[in-house]
Amino acid sequence: GDQRVMTIAASTPDDGRHTWTVPLSVQASDRYFVRITSLASGNGRIFGDSPKFEVLAEIQVSRPAAGDTLYPVEAQEVRWSSVGVTTDVEIVLMRNTLLFDTTVATITPGTADDGAFAWALPEGTERAGNY
């Protein structure tokens with residue numbers, strides 16, 4: 001059955017619109033809808049449901065950034081921000097070729113989604129500009 005996730009607004013003017021931001025705590029899913037209910041008393045409440053919509057999870061990596069130069073064995077920090085991610089994250093070093101992306105190394109198989117992870121580029125990593 002349907003389950004209430006949160007109350008967007010306990011009361012709002014009946015002007016046909018209400019702006020809100022999906023909280024970071026809302027998990028990614030394609031099964032959400034908004035229900036609007038009149039607050040009229042008497043013969044019962046009238047309500048309407050929106051069509052189902054999707055809340056997407058997203059991860060944006062900010063470090064390393066385009067143009068950064070990394071040196072083996074030197075401390076680095078991977079930095080990211082996320083929306084709708086409610087699990088730990090895996091971080092891997094990828095290399096781009098003309099045809100496909102290749103995993104070079106697993107930086108960590110799992111770490112808290114807290115936006116930062118310290119690591120060092122493994123010694124012997126091939127020098128290239130397409131990581």
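Modeller: Let's start with a term: a polar contact is a pair of N or O atoms within 3.5 Å, where one must be able to donate a hydrogen and the other to accept it. Keep in mind that this is a predicted model.

Colleague: Fine. Which side chain does Arg95 reach with a polar contact?

Modeller: The side chain of Asn130, at 2.9 Å. Arg95 itself belongs to strand S7.

Colleague: What does the charged end of Arg95 sit over?

Modeller: For Arg, we ask whether CZ is within 6 Å of the ring centre and within 35 degrees of the ring normal. Here the charged end of Arg95 sits over the ring of Tyr131, 5.2 Å from the ring's centre.

Colleague: Which residues does Arg95 touch, leaving out those up to four places away in sequence?

Modeller: Phe100, Asp101, Thr102, Val104, Glu126, Ala128, Asn130 and Tyr131.

Colleague: On to empty space. How do I read pockets?

Modeller: Rolling a probe the size of a water molecule over the atoms shows where empty space is left. In this model the largest pocket holds about 1400 Å³ of space. It is lined by 38 residues, and Met6, Ile8, Val34, Arg35 and Ile36 are the closest to its centre.

Colleague: Which strands each supply at least two residues of that lining?

Modeller: S1 (29-32), S2 (35-37), S3 (47-49) and S4 (53-55). By type, the lining of the largest pocket splits into 18 nonpolar, 11 polar and 9 charged residues.

Colleague: And how much space lies in the second largest pocket?

Modeller: About 910 Å³. Of its 32 lining residues, Pro64, Leu70, Leu93, Met94 and Tyr131 come closest to the centre. At least two lining residues each come from S5 (58-63), S6 (75-83), S7 (89-96) and S8 (101-111), and S7 gives the largest share, 8 residues. The lining of this second pocket counts 20 nonpolar, 6 polar and 6 charged residues.

Colleague: Pro64 is in that list. Is the peptide bond from Arg63 to Pro64 cis or trans?

Modeller: General idea first: most residues other than glycine have a negative phi, and most peptide bonds are trans. The bond from Arg63 to Pro64 is cis, with omega near -5°. Pro64 sits in the loop between S5 and S6.

Colleague: Is phi of Val73 positive or negative?

Modeller: Positive, near 70°, and Val73 is not a glycine. Val73, too, is found in the loop between S5 and S6.

Colleague: Last one: how many aromatic pairs turn up in the whole structure?

Modeller: A pair of aromatic rings is described by the distance of the centres and the angle of the planes. The search of the whole structure finds 1 aromatic pair.

Terms used
Residues numbered from 1 in each chain as written. Predicted model: local features only at pLDDT ≥ 70, side-chain atom pairs only at ≥ 80, totals over all residues. Heavy atoms only, no water. 1 Å grid on protein atoms, 1.4 Å probe; cavity = no way out; pocket = protein on both sides within 12 Å on 5 of 7 lines; lining within 4 Å. Points joined across faces, edges and corners; volume = space filled by probe spheres on them. Helix = DSSP H or I, 4+ residues; strand = E, 2+ residues; numbered from the N terminus. Nonpolar A, V, L, I, M, F, W, Y, C, P; charged D, E, K, R; others polar. Contact = heavy atoms within 4.5 Å. Phe/Tyr/Trp six-rings, centres within 6.5 Å; stacked < 30°, edge-to-face > 60°.
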